[in-house]
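Subject: Structure handover

Hello,

Here is the structure for you to look over. My notes on helix packing and aromatic rings follow below it.

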Amino acid sequence: MADDPQRNFRSAYYEKVGFRGVEEKKSLEILLKDNPLDVEKLSTFSQRFPLPSMYRIHVWKVLLGILPPHSDSHALVGGYRKEQYQDILEALEVMRFINSSTPTTQVYLRMFQLESQVLPRCSETSPPPKSLEHYLSQEEPRLLNHLKNTSALAQLPYSLWFRRCFAGCLPESSLQRVWDKVISGSCKILVFVALEILLSYKIILMGINRPEGVVKFLRNIPQENTDAIVTKAIDLWHKYCGTPAHAV
């Protein structure tokens with residue numbers, strides 16, 4: 001559907017007076033009244049706007065296929081999903097992939113891998129994504145050269161960033177905004193969050209000459225500035241990948 005000039009004006013006005021998201025919340029509520037739900041429109045909405053916290057979990061479940069588009073079936077399917085969860089959890093325990101001391105984020109990762117039939121034989125860290133190196137060369141080539149010269153580039157916390165999707169790195173409020181994009185199908189946002197972390201702490205990183213020092217800092221970044229980092233990362237994502245068309 002073509003953009004509505006009146007809606008655009010109202011959205012700009014609400015944002016100017018400090019009520020950003022009012023129109024978006026109304027649009028999402030309209031989408032959630034559809035039966036069946038239009039998954040494509042929900043996905044587009046999630047990529048373009050932050051999801052309101054009161055609807056986030058429900059929308060995530062629909063986008064991930066945990067709940068079907070038909071709202072009438074949600075209660076029944078929800079019960080089946082709980083049984084499925086317990087079956088997968090018990091299977092991982094029997095195979096000794098997890099135990100009572102396994103971090104929750106690692107448990108969920110293993111459950112997803114088992115369900116997707118990609119459970120690994122070992123937990124080796126993936127090699128550095130070439131796309132991160134490419135975008136860093138565009139934004140801050142001096143920092144890229146520094147990371148290469150100090151041998152830190154190959155040791156960045158890629159597993160924390162790309163396999164755990166920043167769980168354990170970003171606080172929940174910031175993490176939710178990133179996962180809105182991931183769950184709606186745009187995993188590339190992870191590259192831009194990693195990129196913006198590097199850019200935001202460029203001065204500190206340029207002053208560290210040992211790779212273990214770089215890794216230690218990046219595994220424990222300051223938590224008070226993460227919302228701004230995610231906002232800038234989304235801007236970078238739009239800059240290089242474009243803004244998804246609004247389907248409402």
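Please keep in mind that this is a predicted model.

Helix packing

I began with helix α7 (residues 130–139) and helix α11 (residues 189–200). Their axes come within 10 Å and cross at roughly 45°. The crossing of α7 past α11 is right-handed.

Which residues meet there? From α7 they are S131, L132, Y135, L136 and E139; from α11 they are V191, F192, A194, L195, L198 and L199. By class, the residues of this contact are nine nonpolar, one polar and one charged.

Next come helix α5 (residues 74–94) and helix α6 (residues 104–115). Their axes are 10 Å apart, and the helices pack at about 100°. That puts α5 and α6 roughly perpendicular to each other, since the range for this class is 65 to 115 degrees. On the α5 side, the contact is made by Q84, Y85, I88, L89, A91 and L92. On the α6 side, V107, Y108, R110, M111, L114 and E115 take part. The contact of α5 with α6 divides into nine nonpolar residues, one polar and two charged.

Aromatic rings

How many aromatic pairs does the structure hold? There are ten. I looked at two of them in detail.

One is F45 with F49. The ring centres are 5.1 Å apart and the planes stand at 55°, so this pair is tilted. Are the two residues buried or exposed? F45 has 1% relative accessibility and therefore counts as buried. F49, at 14%, counts as buried too, because the cut-off is under 20%.

The other is Y158 with W161. This pair is edge-to-face, with 6.2 Å from centre to centre and 85° between the planes. Both residues lie in helix α9 (residues 158–163). They sit three residues apart, about one turn of the helix. Y158 and W161 are both buried. They also belong to one aromatic cluster, which Y158, W161, F162 and F166 form.

Best wishes

Conventions. Residues are numbered from 1 along each chain as its sequence is written. This is a predicted model: local features need pLDDT of at least 70, side-chain atom pairs count only at pLDDT 80 or more; totals for chains, interfaces and linings use all residues. Side-chain values use heavy atoms; hydrogens and water are left out. Axes are lines fitted to C-alpha atoms, for helices over the stretch in contact, and angles run from 0 to 180 degrees between N-to-C directions. Helices (H or I, at least four residues) and strands (E, at least two) are DSSP runs, numbered from the N terminus. A crossing is left-handed if the near helix is turned anticlockwise from the far one by less than a right angle, and right-handed if clockwise. Contact means heavy atoms within 4.5 Å. Ala, Val, Leu, Ile, Met, Phe, Trp, Tyr, Cys and Pro count as nonpolar, Asp, Glu, Lys and Arg as charged, and the others, Gly among them, as polar. Rings of Phe, Tyr and Trp (its six-membered ring) pair if their centres lie within 6.5 Å; planes under 30 degrees apart count as stacked, over 60 as edge-to-face and the rest as tilted. Buried means under 20% relative accessible area, exposed over 50%, partly exposed in between (1.4 Å probe, protein chains only). Angles under 35 degrees count as roughly parallel, over 145 as roughly antiparallel, 65 to 115 as roughly perpendicular and the rest as oblique.
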